[in-house]
Structures are given as structure tokens and as C-alpha cells.
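This briefing sets out the fold, the core and selected residues of one protein. Please consult the sequence and the structure shown here alongside the points that follow.

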Amino acid sequence: MALASTEVTPSAYVLIGDNVSTITFQCQSNNPIVVAISTSNVGAATTAPGLVYKFPEGEMKKTVADLSHEAGAAYVYVKALTGGAAKVIYEGA
């Protein structure tokens, strides 16, 4: 799979990993990102907790199950932590 990028805001989570077993992503902005993992493709609530990554942090080919305490987690969502937009590059597998 090729790398993709997207701009995210704090107002809503954006799906970057749709039913994946591993994920690669990196924060590409000074505004940190929040990564939420779910067992559902319905979407993560804006208030859902997540892991915070700041520039240039991320994960490479990380097993989605390692990022969550939920059994069967396969959906990866991202949003900006605060303020304006944040950029994230990603590749799901």
C-alpha cells in the first residue's frame, strides 16, 4: 500500500485504518494528534480517549491489537489534539 496523508481537526476522528491488522502512521505537524482504536467502523466519539503523538512521532507496521486493550480492535481513527488542523501520514495493512 502507498502512503497517504490527511489534515485532521479536533472536532472529529477520521478513519485511517479500515479493518486492518497493522498500521503505520506519523504526525507531520506541530499540532499533536490523538489516535483511537476501535472494534467498530461506526466511528469514534470525539471524546473517546486515545494515544497522543507529537511531531515526528508515530508507529511503523504496529499491530493494531498492541495499541488497544479491546479484543478484535481493527479500526484506527485520528484527530488533532487541540487548536487547528494537524497533518498525519499513514498506511494501513
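The protein contains zero helices and eight strands, where helices (H or I, at least four residues) and strands (E, at least two) are DSSP runs numbered from the N terminus. The model is predicted, so local features need pLDDT of at least 70 and side-chain atom pairs count only at pLDDT 80 or more, whereas totals for chains, interfaces and linings use all residues. Residues are numbered from 1 along each chain as its sequence is written, and side-chain values use heavy atoms, with hydrogens and water left out.

**Overall form**

- From the N terminus on, the order of elements is β-β-β-β-β-β-β-β.
- The radius of gyration of the protein is 12 Å, which agrees with the value near 12 Å for a compact globule of 93 residues; this radius is taken over C-alpha atoms, and the globule rule is 2.2 Å times the number of residues to the power 0.38.
- Along the principal axes, the C-alpha atoms fill a box of roughly 30 × 30 × 20 Å.
- Of the 93 residues, 39% are buried; buried means under 20% relative accessible area, exposed over 50%, and partly exposed in between, with a 1.4 Å probe and protein chains only.
- Among contacts with a separation of 6 or more, 84% are between residues 24 or more positions apart, a contact being heavy atoms within 4.5 Å.

- An open sheet is formed by four strands in the order 2-7-4-5, with antiparallel pairing; two strands pair if DSSP finds at least two bridges between them.
- Strand 2 (14-17) and strand 5 (51-53) are the edge strands, and each has a single partner strand, so one side of each is left without a neighbour in the sheet.
- From one strand to the next, the twist averages 35°; axes are lines fitted to C-alpha atoms, for helices over the stretch in contact, and angles run from 0 to 180 degrees between N-to-C directions.
- Strand 4 and strand 7 run antiparallel and are joined by six bridges, with Ile 33 opposite Ala 80 in strand 7.
- Strand 2 and strand 7 also run antiparallel, joined by three bridges, and Leu 15 faces Tyr 77 in strand 7.
- Six of the six residues of strand 7 are buried, so this strand is largely enclosed by the rest of the structure.
- Burial covers both faces of strand 7, with Tyr 75, Tyr 77 and Lys 79 on one side and Val 76, Val 78 and Ala 80 on the other.

**Nonpolar cores**

- In soluble globular proteins, nonpolar side chains tend to be buried together.
- The largest nonpolar core has 19 residues, of which Phe 25, Ile 33, Val 35 and Val 76 touch the most other members; such a core is a set of buried Ala, Val, Leu, Ile, Met, Phe, Trp, Tyr and Cys residues joined through side-chain atoms within 4.5 Å.
- At least two residues of this core come from each of strand 3 (22-27), strand 4 (33-38), strand 7 (75-80) and strand 8 (86-92).
- Another core, of six residues, lies apart from the largest one and includes Val 34, Ala 74, Tyr 75 and Tyr 77.
- Not counting residues up to four places away in sequence, the contacts of Ile 33 include Val 8, Phe 25, Leu 51, Tyr 53, Val 78 and Val 88.

**Selected residues**

- Val 88 belongs to strand 8 and is buried, with a relative accessible area of 0%.
- The C-alpha atoms of Val 88 and Ala 4 are separated by 8.4 Å, although these residues are 84 residues apart along the chain.
- Leaving aside neighbours within four places in sequence, Val 88 is in contact with residues including Ala 4, Phe 25, Ile 33 and Val 78.
- Asn 31 lies in the loop between strand 3 and strand 4 and counts as buried at 13% relative accessibility.
- The side chain of Asn 31 reaches the backbone oxygen of Thr 82 at 2.6 Å.
- Beyond residues up to four places away in sequence, Asn 31 touches Ala 80, Leu 81, Thr 82, Gly 83, Gly 84, Ala 85 and Ala 86.
- Thr 24, in strand 3, is likewise buried, at 14% relative accessibility, and its side chain reaches the backbone nitrogen of Lys 61 at 2.8 Å.

How values were computed
A polar contact is a pair of N or O atoms within 3.5 Å; within protein, one must be able to donate a hydrogen and the other to accept it, and residues adjacent in sequence count only if both atoms are side-chain atoms.
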